[in-house]
Amino acid sequence: MARGPESHDLMLLLGPVSYLDCLVFCVFLAPQLIWHVGFFETVWCVLQALPFFSVKLPVGLMRERYFLPPENQSLFVQKASSFEDFVIRCVRYAFEHVPAKIGRVFFSKEVALPFMQFRLLRHGYFRCPVPWREHREESFHGIWLIKNPEEKPDFVLFYAHGGGFSMGSSYFYLEFLLTWLSELEALGYSNPAIFALEYTLVPDAAFPTQLNEAVRGYEHVLKVVQDPSLLCVSGDSAGATLILSLLLHLGSQEANGIGYGRRLPVPALAVLISPWVTLVSTRHRNTVSDYLDVKQLHQYGMQFAGGKMPEKEPLVSPGCCKDMSLWKRSSPSKGIYITYGTEEVFAPEIEDFIGTVQETVVVKSEAAVGGIHAWPVASLFLSSNVNERLGGLRTISKEIRQCIP
């Protein structure tokens, strides 16, 4: 018999991603790549990857994990399991070498939903135990997750996913968001809800399309929750960039030319996971631990900016905003909470941003020693220990509960 929707801890029942899950994911992925990218281009990408997967990956993995002394290992490798290390090395290769149009298919709805359904079935569920639904309007769309859709939520999280603006989807993040919803309920919210924005990816559109969609989505969420003191905005990586841009828009005295002539209230809190605060920065640095690549990131950033110069436009690249009065107006009433890893590409820029705005804005930050990019998201799928899987998410959720009782 399938477990019922009364179960709160969805993540614990599903368990961590396994090698079997990875194999099944590839089964779902292959036909979508052939359909959306093309047979020959897909095969060529696989052939180019063969030297890495057949030689460089196993040799590098064995050498660093089992033959180097601990003091010569990266901080991440010292902490990571073999499976975590294996997956992150694969992601690092893909981020640097696989074209975005192929990476985009990895995180698409057509792959993510069947994969999540497989994981649900593998753990005894015939349907998702937490209600969720798509919400579409002409100017934006996204996904609503709520414990009881018939009742008004007592807390709402507005979330924007990461992916360099060129890939990613709310559907790929669905299991993460369902787990987060369960954690929020466990902390005492009676009917928490999450709205995940499904914004337009590059190259389908560039700035300001994504900000337009964020503003429209935010206004929709405000209508639902009816009280900004019950609203938290959040995002990881590029999604966190979009959240910062949204806050700067809300704090501006004018409509900023994106179609709004009236002010919307700021939320109670902002939670940023590994935010990409400045699109192009000399402070970004590749590390041996992280899976991001600076050159590729800057290319994605310039594509997102479109015809605008990210160094000069704070709404495109929020870290460029040095107007402290604007940051003060833009700040949520309970401030900004930022979590990041000390080994990630963005770490120096994030630390600069915190140092710049914390004299004006209430900012609380958590730096995970040896942590890599967006680890609270990735660890949920990759780590085997329950505390490691939920550690980052529980810390964030407790911070939210303290700020929004």
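**Entry 1: G371**

I looked up G371 and found it in the loop between β8 and α14. Helices here are DSSP runs of H or I with at least four residues, strands are runs of E with at least two, and both are numbered from the N terminus. The model is predicted, so local features need pLDDT of at least 70 and side-chain atom pairs count only at pLDDT 80 or more, while totals for chains, interfaces and linings use all residues. Residues are numbered from 1 along each chain as its sequence is written, and side-chain values use heavy atoms, with hydrogens and water left out.

G371 counts as buried because its relative accessibility is 5%; buried means under 20% relative accessible area, exposed over 50% and partly exposed in between, with a 1.4 Å probe and protein chains only. Leaving aside neighbours within four places in sequence, I list G341, T342, E343 and E344 as its contacts, a contact being heavy atoms within 4.5 Å.

**Entry 2**

I then traced the open sheet, which has 8 strands in the order β1-β2-β4-β3-β5-β6-β7-β8 with mixed pairing. Two strands pair if DSSP finds at least two bridges between them. β1 (132-137) and β8 (363-368) are the edge strands, each pairing on one side only. From one strand to the next the twist averages 20°.

Strand β7 (residues 336-341) runs parallel to β8, and 6 bridges join the two. In this pairing I found Y340 opposite A367 of β8.

Helix α10 (residues 238-251) packs on the sheet and touches β3 (155-160), β4 (192-197), β5 (231-236) and β6 (269-273); its direction makes about 140° with that of β5. Axes are lines fitted to C-alpha atoms, for helices over the stretch in contact, and angles run from 0 to 180 degrees between N-to-C directions. Helix α13 (residues 347-357) lies across β7 and β8, at about 155° to β7.

W132 lies in strand β1. I have W132 down as partly exposed because its relative accessible area is 27%. Setting aside neighbours within four places in sequence, W132 is in contact with L113, M116, I143, W144, L145, Y171 and L174.

S252 sits in the loop between α10 and β6. At 5% relative accessibility, S252 counts as buried. Its side chain reaches the backbone oxygen of L248 at 2.7 Å. Beyond neighbours within four places in sequence, S252 is in contact with R263, L326 and R329.

I checked the length of helix α5 (residues 82-97): at 1.5 Å a residue its 16 residues should span 22 Å, and the end C-alpha atoms are 23 Å apart, which agrees. The expected span is 1.5 Å times one less than the number of residues. Among the buried residues of α5 are F83, V87, I88 and Y93. Their cover includes α2 (19-36), α3 (39-67) and α15 (386-403).

I counted 28 aromatic pairs. Rings of Phe, Tyr and Trp (its six-membered ring) pair if their centres lie within 6.5 Å; planes under 30 degrees apart are stacked, over 60 edge-to-face and the rest tilted. F52 and Y93 are stacked, because their ring centres are 4.4 Å apart and their planes at 15°. F52 lies in helix α3 and Y93 in helix α5, so the pair ties together parts 41 residues apart in sequence. Both F52 and Y93 are buried.

How values were computed: Polar contact = N/O pair within 3.5 Å; in protein donor to acceptor, adjacent residues only side chain to side chain.
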